[in-house]
Amino acid sequence: MNRLALAADLGGTNLRIAVIDEAGSILNRRRIETPHESGTKNFLDKLSDLALHCTKDLPSELSVEGFALAVPAVLNIGKGRIIESPNLPFLNGLDISKELQARIGLPVVLENDATAAAIGENWLGSSRGALNSICITLGTGVGGGIILEGKPLRGIDGTAGEVGHICIEPDGFACGCGSRGCLEQYASATGLAKVLSQMSHDFPDSDIPEHIGIDPKELFDHAVNGDRLALAVFERMGFALGLSIAGLVNLLNPEVVVIGGGLSASWDLFIGRLRSTMHERAFRRPAERVKIVRAELGDDAGVIGAASLIFSAEGKAAQATWKDS
């Protein structure tokens, strides 16, 4: 019997869900906008309905073994609980694994969304074959996942890999995590709007300042068309990323740093400054060794990485832990 996993990637903007086989092939998928204002019960009901809809038409010979959910949050994976989700605060404290199993009848395992993306890229994407890699996701926020000696690094409290909350400006923008000057405030979709507003007075020739609520796609289009303010915002983004990655390279000496997420589409606008800053700030040998590459799996990295946990011994152990707690 073919083994399948149901996996979902809960982002700040979109919720993606898919049925995936052991080879990483996606057999069925759905996507909706992430429901922010519906309340916990309605959110769980919508997610459960989406999960059941995604699996209902599968041939009878195919067996779905479990449901893996990637969440932008600090997690207690062993207990299936969301501790804190700065960008989705209505999920804070939710025993989501038990709630979902009661609704869909499948064992549920949790993973941090950026760690799931790192696992996916390490399995089938840009860092496959690398024992030591870092994956940084640029979207509504900035996530990070770390693979060391072939295993995901989670830390004693499950907070390892929070690259987006490396401080790069001690007195910088306030962050949803409670700190200030985090990378997320300079290299995410929400952060770029703040940088744009801060820098706008230095570029009076730009046509952007009159509508500061510009979204990343509009900002990208302005930059491609040569707008000096838009180009400067992406340069600032590259500097922030390069500074953070330099510290990670010095600390962890990875083989590969993978950059994904929606904002990675602006690669050509920030990668030059990122690389130059990283080389200026990191030790020479590890900086020359490390490869900075774009993610290959796109929006599928999180669901593919999460699905792999259903097939792994680690994922089975996590399911058993919370069910017995």
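**Helix packing, sheets and aromatic pairs in a predicted model**

Ala-116, Ala-117, Ile-119, Gly-120, Glu-121, Trp-123 and Leu-124 of helix α3 are in contact with Ala-301, Gly-302, Ile-304, Gly-305, Ala-306, Ser-308 and Leu-309 of helix α10. By type, the residues of this contact comprise 9 nonpolar, 4 polar and 1 charged. The structure is a predicted model. Two packed helices are described by the angle between their axes and the distance between the axes. The axes of α3 and α10 (residues 301–311) come within 7 Å and cross at roughly 85°. Angles of 65 to 115 degrees count as roughly perpendicular, and α3 and α10 are therefore roughly perpendicular to each other.

An open sheet is built from 5 strands in the order β10-β9-β8-β11-β12, with mixed pairing. Strand β9 (residues 142–148) is joined to β10 by 2 bridges in the antiparallel sense, and Ile-147 stands opposite Pro-152 of β10. A further helix, α7 (residues 228–252), lies across β8, β9, β11 and β12 and runs at about 160° to β8.

Antiparallel pairing joins β1 (residues 2–10) to β2 through 7 bridges, and Ala-8 has Ile-17 in β2 as its bridge partner. The two strands β1 and β2 form a hairpin with 3 residues between them. Strand β3 (residues 26–33) is likewise antiparallel to β2, with 7 bridges between them; here the bridge partner of Ala-18 is Arg-29 in β3. The hairpin of β2 and β3 has 4 residues between the strands, and in this hairpin Gly-24 takes a positive phi near 90°.

Of the 8 residues of β2, 8 are buried, so this strand is largely enclosed by the rest of the structure. Burial extends to both faces of β2. One side carries Asn-14, Arg-16, Ala-18 and Ile-20, and the other carries Leu-15, Ile-17, Val-19 and Asp-21.

The model holds 3 aromatic pairs. In one of them, the ring centres of Phe-173 and Tyr-186 lie 5.1 Å apart with the planes at 25°, so the pair is stacked, given that planes under 30 degrees apart count as stacked. Phe-173 is in the loop between β10 and α4 (184–187), whereas Tyr-186 is in helix α4, so the pair ties together parts that are 13 residues apart in sequence. Phe-173 has a relative accessibility of 17% and counts as buried, as does Tyr-186 at 4%; the cut-off for buried is under 20%.

Another pair consists of Trp-267 and Phe-270, whose ring centres are 5.9 Å apart and whose planes stand at 70°, so the pair is edge-to-face. Both residues lie in helix α8, 3 residues apart, about one turn of the helix. Trp-267 and Phe-270 are both buried.

Ser-266 is placed in the loop between β11 and α8 (267–281). This serine is buried, with a relative accessible area of 3%. Beyond residues up to four places away in sequence, Ser-266 touches Phe-220, Phe-234 and Met-237.

Key: Residues numbered from 1 in each chain as written. Predicted model: local features only at pLDDT ≥ 70, side-chain atom pairs only at ≥ 80, totals over all residues. Heavy atoms only, no water. Pairing = 2+ DSSP bridges. Contact = heavy atoms within 4.5 Å. Axes fitted to C-alpha atoms, helices over the stretch in contact; angles between N-to-C directions. Buried < 20%, exposed > 50% of the residue type's maximum accessible area, 1.4 Å probe, protein only. Parallel < 35°, antiparallel > 145°, perpendicular 65-115°, else oblique. Nonpolar A, V, L, I, M, F, W, Y, C, P; charged D, E, K, R; others polar. Phe/Tyr/Trp six-rings, centres within 6.5 Å; stacked < 30°, edge-to-face > 60°.
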